[in-house]
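I opened my notebook today to look up a few things in a protein structure. Here is what I wrote down, entry by entry.

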Amino acid sequence: MTHSTGHDIAEALGLLLRRDTRARLYARLTDGLGEAVDDLTYPVLSGLARIGPSSAADLGREIGLDRTTVTRRADRLEQAGLLQRRPDPADGRATLLALTGEGTHLVAVTRQRLADAIEASLAAWPSADAEAFARYLRRFVDEGPFAAD
């Protein structure tokens, strides 16, 4: 089999996308933020921050979980005051999950932690290399095989 840049990138992405890699990262990002916030509930918070108020089914599709799992994790976050359930204005029978102010703040804290960790890991790189990496990664996400149709 021929070795290529595509293989190198695919291998690196495979490591980044592994469930245990994400779980370790989420555990680091949520450390000390309260009992309700951990590697299991963080994707619910982060997904809501990304897409806004949504049904458990829609959020589940966004974050790769089934509706029932999202609902259980949302229960923990609601009890902690980080998200709320409210009627869907488009369908009074449906319920939307939405971040509270505290939930929004907590997501901002975790995202700052992630940005800080990334900056620290790139500290030894020449700044031009780090900036180029950021540009190329954004371009790959926007134009590569993971790009939205």
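**Entry 1: The annotated stretch**

Over residues 10-142, I found the chain to be 66% helix and 11% strand, and the end C-alpha atoms of that stretch are 16 Å apart. I picked this range from UniProt, where an unreviewed entry lists residues 10-142 as "domain: HTH marR-type". A reminder to myself: this is a predicted model.

**Entry 2: The whole chain**

Next I looked up the elements. The protein chain has seven helices and two strands. Reading along the sequence, I noted the pattern α-α-α-α-α-β-β-α-α.

Then I turned to extent and cover. The C-alpha trace spans about 55 × 35 × 25 Å along its principal axes. Of the 149 residues in the protein chain, buried ones make up 28%. The chain exposes about 10000 Å², and carbon and sulfur atoms supply 55% of that area.

I also checked contacts between residues at least 6 apart in sequence: 44% of them join residues at least 24 apart.

**Entry 3: The largest nonpolar core**

Which residues touch the most other members of the largest nonpolar core? I wrote down Val44, Leu45, Leu48, Leu59, Leu77, Leu83 and Leu97, out of 17 residues in this core. Two or more residues each come from helix 3 (42-51), helix 4 (56-63), helix 5 (67-79), strand 2 (91-99) and helix 6 (101-121).

I took leucine 59 as my example. Leaving aside neighbours within four places in sequence, leucine 59 is in contact with Val44, Gly47, Leu48, Ile51, Ser54, Val70 and Leu97.

**Entry 4: Helix 3**

Is helix 3 mostly covered or mostly uncovered? I found it mostly covered, with seven of its 10 residues buried. The buried ones are Tyr42, Pro43, Val44, Leu45, Ser46, Gly47 and Leu48.

What do these buried residues pack against? My list reads helix 2 (19-30), helix 4, helix 5, strand 1 (83-88), strand 2 and helix 6. Just after helix 3, I spotted glycine 52, which takes a positive phi of about 85°.

**Entry 5: Threonine 110**

I moved on to threonine 110, whose place is in helix 6. Threonine 110 has a relative accessible area of 0%, so it counts as buried.

Beyond its neighbours within four places in sequence, threonine 110 is in contact with Leu29, Thr30, Leu33 and Tyr42. Tyr42 was already in my notes as one of the buried residues of helix 3. I also checked threonine 110 against leucine 82: they are 28 residues apart in sequence and 14 Å apart in space, C-alpha to C-alpha.

**Entry 6: Salt bridges**

How many salt bridges does the structure hold? The count is 10, and I looked up a few of them.

Aspartate 20 forms one with arginine 24, and their closest N and O atoms are 3.4 Å apart. Both lie in helix 2, four residues apart, which is about one turn of the helix. Aspartate 20 counts as partly exposed because its relative accessibility is 32%. Arginine 24 is at 47%, so it counts as partly exposed too.

Aspartate 91 and arginine 93 meet through their side chains in a salt bridge of 3.1 Å, N to O. Aspartate 91 is partly exposed because its relative accessibility is 26%. Arginine 93 reaches 76% and therefore counts as exposed.

Arginine 139 and glutamate 143 also meet in a salt bridge, at 3.2 Å, N to O. Both lie in helix 7, four residues apart, about one turn of the helix. Glutamate 143 is exposed because its relative accessible area is 57%. I noted a network as well: salt bridges with shared partners join Arg18, Asp20 and Arg24.

My last stop was the surface. Which residues make the nonpolar patch of about 360 Å²? They are Trp125, Phe133, Leu137 and Val141.

I looked up valine 141 and placed it in helix 7 (residues 127-143).

Key: Residues numbered from 1 in each chain as written. Predicted model: local features only at pLDDT ≥ 70, side-chain atom pairs only at ≥ 80, totals over all residues. Heavy atoms only, no water. Patch = residues over 30% accessible without salt bridge, like charges linked within 9 Å, V, L, I, M, F, W, Y side chains within 5 Å. Areas by Shrake-Rupley, 256 points an atom, 1.4 Å probe, with all protein chains shown as cover. Salt bridge = Lys/Arg side-chain N within 4 Å of Asp/Glu carboxyl O. Core = buried A, V, L, I, M, F, W, Y, C linked by side-chain atoms within 4.5 Å. Buried < 20%, exposed > 50% of the residue type's maximum accessible area, 1.4 Å probe, protein only. Contact = heavy atoms within 4.5 Å. UniProt positions renumbered as here; feature names shortened; annotations may be inferred.
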